[in-house]
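Me: I have a structure open and would like to learn how to read its features one at a time. Could you take me through them?

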Amino acid sequence: MGVRSRATDVLRRLAGRPTHSPTEKFDAESNFWTIEIGRIHEWYRGERSEHYRTPSPTSGQRVHHENPILAAILTWHRLHQMPKYAKDLKLDPDAFMGRRVLDVGSGPMPSGEVFRDCELFNLDPLFPRYLEAGWPLHIYREGSRFVHGYAERMPLETDSFDAVISVNAIDHVDDFDAAADEIRRTLKPGGDLVMHVHYHEPTPTEPLALSDAALMRAFRWCEGLRKCGESREKSSWVAPEGESYVLWSTMHG
């Protein structure tokens, strides 16, 4: 790579834009989630003693379903995915009672269902690929909604959410400023924003190198948003040296 190419690459990173193609990113994401179904099934059957720090379920913890893959996914959703959201966002399950909540980059499971008595919308650009891989979208809490769309251009109405959450997902977008602007558009004035953000060097699936400066600049419009904690460790993983997980929130003092 020449000097000019290296300089252009650095500038793109500083601008909060990806250094990998969307096709490459989506293919890598799809491959990960396809493999993940097999890992979760092994975990469910006890062939893995733990998965992302969650011990293999006991017979009493397993969700039963005539489809063994769906049984494994539902058990994983209950024992790992939902508790992870509450822990990483440092919020009580009653935090959003009676409110309309948008989860930006939800992945193939509605993990925000850990929050009780709220209207949950799950936004992700890969729902068709999740379905093709075998992830179900029809067996979760009644009222949870799945929206196929990009964070940079959400197919959602302006001022339509009381709160927006995101867990280890905002670094997956292609245009960080556009995603921040869309969150601003869809979040009601005075609404809450809580994000668990991964700081790291760009990868094919996580193409943005984010920082405190990038977050403060892109979300300068969000009154009360503050950095509430930073650690290499999250509920299910320890990041490599030089990386960290950062909580940004309007709901923590």
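Me: Which residues is Tyr 140 in contact with, leaving aside its neighbours within four places in sequence?

Reply: Contact means heavy atoms within 4.5 Å. Under that rule, and with neighbours within four places in sequence left aside, Tyr 140 touches Ile 73, Leu 74, His 77, Pro 108, Met 109, Pro 110, Glu 113 and Phe 146. This is a predicted model, in which local features need pLDDT of at least 70 and side-chain atom pairs count only at pLDDT 80 or more, while totals for chains, interfaces and linings use all residues. Residues are numbered from 1 along each chain as its sequence is written, and side-chain values use heavy atoms, with hydrogens and water left out.

Me: Where is Tyr 140 placed, and is Tyr 140 buried or exposed?

Reply: Helices (H or I, at least four residues) and strands (E, at least two) are DSSP runs, numbered from the N terminus. Tyr 140 sits in the loop between α4 (127–133) and β5 (145–148). Buried means under 20% relative accessible area, exposed over 50%, and partly exposed in between (1.4 Å probe, protein chains only). Tyr 140 has 13% relative accessibility, so it counts as buried.

Me: Where does α3 bend?

Reply: The bend at a residue is the angle between axes fitted to the seven residues ending there and the seven starting there. In α3 that angle is about 45° at His 77. His 77 is also among the contacts of Tyr 140.

Me: How many residues of α3 are buried, and what is found at the start of α3?

Reply: Of the 22 residues of α3, 16 are buried, so the helix is largely enclosed by the rest of the structure. A polar contact is a pair of N or O atoms within 3.5 Å; within protein, one must be able to donate a hydrogen and the other to accept it, and residues adjacent in sequence count only if both atoms are side-chain atoms. At the start of α3, a side-chain oxygen of Asn 67 comes to within 2.9 Å of the backbone nitrogen of Ile 69.

Me: Which residues lie nearest the centre of the largest pocket?

Reply: Rolling a probe the size of a water molecule over the atoms shows where empty space is left. On a 1 Å grid over the protein atoms alone, a pocket is an open set of points where a 1.4 Å probe fits, with protein on both sides within 12 Å along at least five of seven lines; lining residues have an atom within 4 Å of a point. Nearest the centre of the largest pocket are Phe 32, Trp 33, Asn 168, His 172 and Glu 206, out of 48 lining residues. The largest share of the lining, seven residues, comes from α2.

Me: Which residues are in contact with His 200, leaving aside its neighbours within four places in sequence?

Reply: They are Asp 171, Glu 206, Leu 208, Ala 209, Leu 210 and Glu 243. The side chains of His 200 and Asp 171 form a polar contact of 2.6 Å. His 200 is in the loop between β7 (187–199) and α6 (212–218) and is buried, at 5% relative accessibility.

Me: Which polar contact joins the side chain of Ser 249 to another side chain?

Reply: Ser 249 pairs with His 252 at 2.6 Å. The side chain of Ser 249 also reaches the backbone nitrogen of Met 251 at 2.8 Å. Ser 249 lies in strand β11 (residues 244–249) and is buried, at 0% relative accessibility.
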